Amino acid sequence: MIRCFYVAIVMAVVALILLPFQLAGILLNNRLQRIVPNLFHRTACAVIGIRINQAGERTRESPVLILSNHASWLDIIVLGAIAPVVFVAKSEVANWPLFGQLAKLQRTVFVERERRHKTGDAARAMSERLIGGDAVVLFPEGTSSDGIRILPFRSALIGAVHHAIGDSTHHDRVTVQPVSLAYVRFGGVPVGRALREKVAWYGDVDLVPHLLGVFASGAVDVTVSWGAPVSYGMDANRKEIAREAENAVRRMTAHALRSPAAQPSGSEDVAAGAVPVFEQT
């Protein structure tokens, strides 16, 4: 319990310190609005004890849409620590106490999944982020899973690729890159089915108890695998994009779970005392 209080207090202090800089970045529409969330998530990884091992490389192409599997609220912290990105989330998140405010400050695109006619609005908002130079992370499964299975990728919001191309006078193609998140150790113990619910947050599990359990663990090891980036033009089929990305994520996740690295190493670490400097885009 002491460790939980320590993590919560440190993160609250860091958030308050960074808040004015993020507000300034949003108001002035400058690089701070990307740098500050990246710094916040990297700090969160160090404080919580999240250790990241990366396989493959994140593309530096722009505009780029990143398609990821979704297992936990930890996904946000992990991907946010690796790169300056913005996320797409369900509209309910915007109303969550504290977490909703943090999501808004990171310029999250909110989508009303139950109202199909609102999908176009979300896609246009995504295209604005893409054209503006943001790397946009979409969880096309539509919900979180147990971290082992990969749910079917939905293709509706991938139509944002077409919107981005159609609305841009500088780009005729958009890069799509699949990424896999595989949580391989919890508290130093390999994550098997018995520990899966300690890391994965899905179903009817309450957020706060799950969050406190992770805080108390002191160490979470995750393998982030980057797939091959593919450039798509206006003639690309969104369902084909979703299918290819889903297959790539499924392969990478299965490989990471079968043969997890012994421990994160070198410049691929994001943990206390080993936070690398990533290129800001």
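Trainee: In which loop is Pro63 found?
Mentor: First, this is a predicted model: local features need pLDDT of at least 70, side-chain atom pairs count only at pLDDT 80 or more, and totals for chains, interfaces and linings use all residues. Residues are numbered from 1 along each chain as its sequence is written; side-chain values use heavy atoms, with hydrogens and water left out. Helices (H or I, at least four residues) and strands (E, at least two) are DSSP runs, numbered from the N terminus. Pro63 sits in the loop between β1 (50–55) and β2 (64–68).

Trainee: Is the peptide bond that joins Ser62 and Pro63 cis or trans?
Mentor: Most peptide bonds are trans. Here omega is about 0°. The bond from Ser62 to Pro63 is cis.

Trainee: What is the phi of Asn29?
Mentor: Asn29 lies in the loop between α1 and α2. Most residues other than glycine have a negative phi. Asn29 is not a glycine, yet its phi is positive, at about 55°.

Trainee: Are α1 and α2 roughly parallel or roughly antiparallel?
Mentor: Their axes come within 9 Å and cross at roughly 170°. Axes are lines fitted to C-alpha atoms, for helices over the stretch in contact, and angles run from 0 to 180 degrees between N-to-C directions. Under 35 degrees is roughly parallel, over 145 roughly antiparallel, 65 to 115 roughly perpendicular, and the rest oblique. That makes α1 and α2 roughly antiparallel.

Trainee: How many nonpolar residues are in the contact of α1 with α2?
Mentor: Contact means heavy atoms within 4.5 Å. Val7, Leu18 and Phe21 are among the α1 residues involved, and Val36, Phe40 and Val47 are among those in α2. Ala, Val, Leu, Ile, Met, Phe, Trp, Tyr, Cys and Pro count as nonpolar, Asp, Glu, Lys and Arg as charged, and the others, Gly among them, as polar. The contact has 4 polar residues, 1 charged, and the nonpolar count is 17.

Trainee: How are α1 and α8 oriented, roughly parallel or roughly perpendicular?
Mentor: Helix α1 (residues 2–28) packs on helix α8 (residues 207–217) at about 100°, with axes 8 Å apart. Arg3, Cys4, Val7 and Ala8 in α1 meet Leu212, Phe215 and Ala216 in α8. The two helices are therefore roughly perpendicular.

Trainee: At what angle do α2 and α3 pack?
Mentor: The pair is helix α2 (residues 32–48) and helix α3 (residues 74–82), with axes 7 Å apart. The two are oblique to each other. They pack at about 120°.

Trainee: What is the angle between the planes of Phe87 and Phe139?
Mentor: Rings of Phe, Tyr and Trp (its six-membered ring) pair if their centres lie within 6.5 Å; planes under 30 degrees apart are stacked, over 60 edge-to-face, the rest tilted. The count is 3 aromatic pairs. Phe87 and Phe139 form a stacked pair, 6.2 Å centre to centre, with a plane angle of 15°.
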